[in-house]
Amino acid sequence: MDSRDNKVTPQGETVQILVEFLEVAITSIVFLKGIYPSGAFERRRYMNAVVQRARHPELQDYIHSTVSGLLPFIQKGLVERVAVIFFNGENIQVERFVFKLIVNQSYKSKVENSDLEFALRSFLIKLSVTEPLTKTLPTDCKWEITAYFQTLPSSGTSKDAELWIPTDTKQWQQPPIITPIKSMHSQPLSLQLYLEHPSLSEPKSCE
């Protein structure tokens with residue numbers, strides 16, 4: 001990992017590691033789904049695991065800027081979930097990878113980076129073998145990163161808040177089918193990763 005400011009609080013350091021991890025994990029998900037040619041990515045090592053890094057500047061910037069923009073809101077405990085959502089050509093959701101996170105706001109003890117990174121690395125390893133659990137995407141699919149906030153941040157209090165607007169995504173009307181992928185629970189951070197698919201009774205289109 002890169003060096004960090006010694007003045008960063010233990011809780012703040014946990015959030016920095018989490019945001020770095022989310023950027024890598026989301027890139028891994030997009031690679032896994034095969035939306036782009038394999039040449040759009042390059043192999044790298046992160047947390048002692050082989051991962052994929054986006055080579056295309058626009059793709060890399062979208063993932064980096066979106067996830068980095070969440071950092072102040074995660075620090076304040078405003079973010080409940082971060083999802084990578086895939087849509088078909090009619091803009092209907094067909095699959096969601098969801099990261100459900102809880103950062104202990106009162107945790108003041110020293111964070112053991114090696115322990116935290118070991119736990120997060122297991123998510124990256126698990127992601128690399130989850131393809132059989134996922135759906136085949138249509139050729140005209142789209143995707144986006146969506147954050148679910150406990151309360152919508154005020155644009156007047158933070159420049160980063162201006163980047164986040166209420167979504168107009170068509171939501172599923174029925175509870176989704178949930179497939180757990182990986183979870184961890186610790187004092188500084190609890191994290192769950194799971195797949196969501198529309199239930200069999202879900203209407204094929206929304207009015």
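Trainee: Which strands form the open sheet, and in what order?

Mentor: The model before us is predicted: local features need pLDDT of at least 70, side-chain atom pairs count only at pLDDT 80 or more, and totals for chains, interfaces and linings use all residues. Residues are numbered from 1 along each chain as its sequence is written, and side-chain values use heavy atoms, with hydrogens and water left out. As for the sheet, five strands form it in the order β5-β3-β4-β7-β6, and their pairing is antiparallel.

Trainee: What makes a stretch of chain a strand or a helix?

Mentor: Both are DSSP runs, numbered from the N terminus: helices are H or I with at least four residues, and strands are E with at least two. By this rule the protein has four helices and seven strands. Along the sequence they follow the pattern α-β-β-α-α-β-β-α-β-β-β.

Trainee: How do you know that β4 and β7 pair?

Mentor: Two strands pair if DSSP finds at least two bridges between them. Eight bridges join β4 (residues 93-103) to β7 (residues 189-197), and the two strands run antiparallel.

Trainee: Why are β5 and β6 called edge strands?

Mentor: Strand β5 (142-149) and strand β6 (177-185) each pair on one side only. On average, neighbouring strands of this sheet are turned by 15° against each other, direction ignored. For such angles, axes are lines fitted to C-alpha atoms, for helices over the stretch in contact, and values run from 0 to 180 degrees between N-to-C directions.

Trainee: What makes one say that helix α4 packs on the sheet?

Mentor: Contact means heavy atoms within 4.5 Å. Helix α4 (residues 113-127) touches β4, β6 and β7, and its direction makes about 155° with that of β6.

Trainee: Is glutamate 95 buried or exposed, and how do you know?

Mentor: Buried means under 20% relative accessible area, exposed over 50%, and partly exposed in between (1.4 Å probe, protein chains only). Glutamate 95 has a relative accessible area of 0%, so it is buried. This residue lies in strand β4. Beyond its neighbours within four places in sequence, glutamate 95 is in contact with several residues, among them Lys33, Trp172 and Leu195.

Trainee: Why is the link between glutamate 95 and lysine 33 called a polar contact?

Mentor: A polar contact is a pair of N or O atoms within 3.5 Å; within protein, one must be able to donate a hydrogen and the other to accept it, and residues adjacent in sequence count only if both atoms are side-chain atoms. The side chains of glutamate 95 and lysine 33 are joined at 2.8 Å, so the distance falls within the limit.

Trainee: What makes β7 largely enclosed?

Mentor: Eight of the nine residues of β7 are buried, so the rest of the structure largely encloses this strand. Of the 207 residues of the protein, 46% count as buried.

Trainee: Which residues does UniProt list as "transmembrane region"?

Mentor: The unreviewed UniProt entry lists residues 15-36; positions are given in the numbering used here, feature names are shortened, and annotations may be inferred rather than shown by experiment. In the model, this span is 82% helix and 0% strand, and its end C-alpha atoms lie 29 Å apart. Leucine 22 is found in helix α1 (residues 10-32). At 0% relative accessibility, leucine 22 counts as buried. Not counting residues up to four places away in sequence, leucine 22 touches Val67, Ile74, Val82, Phe99 and Leu101.
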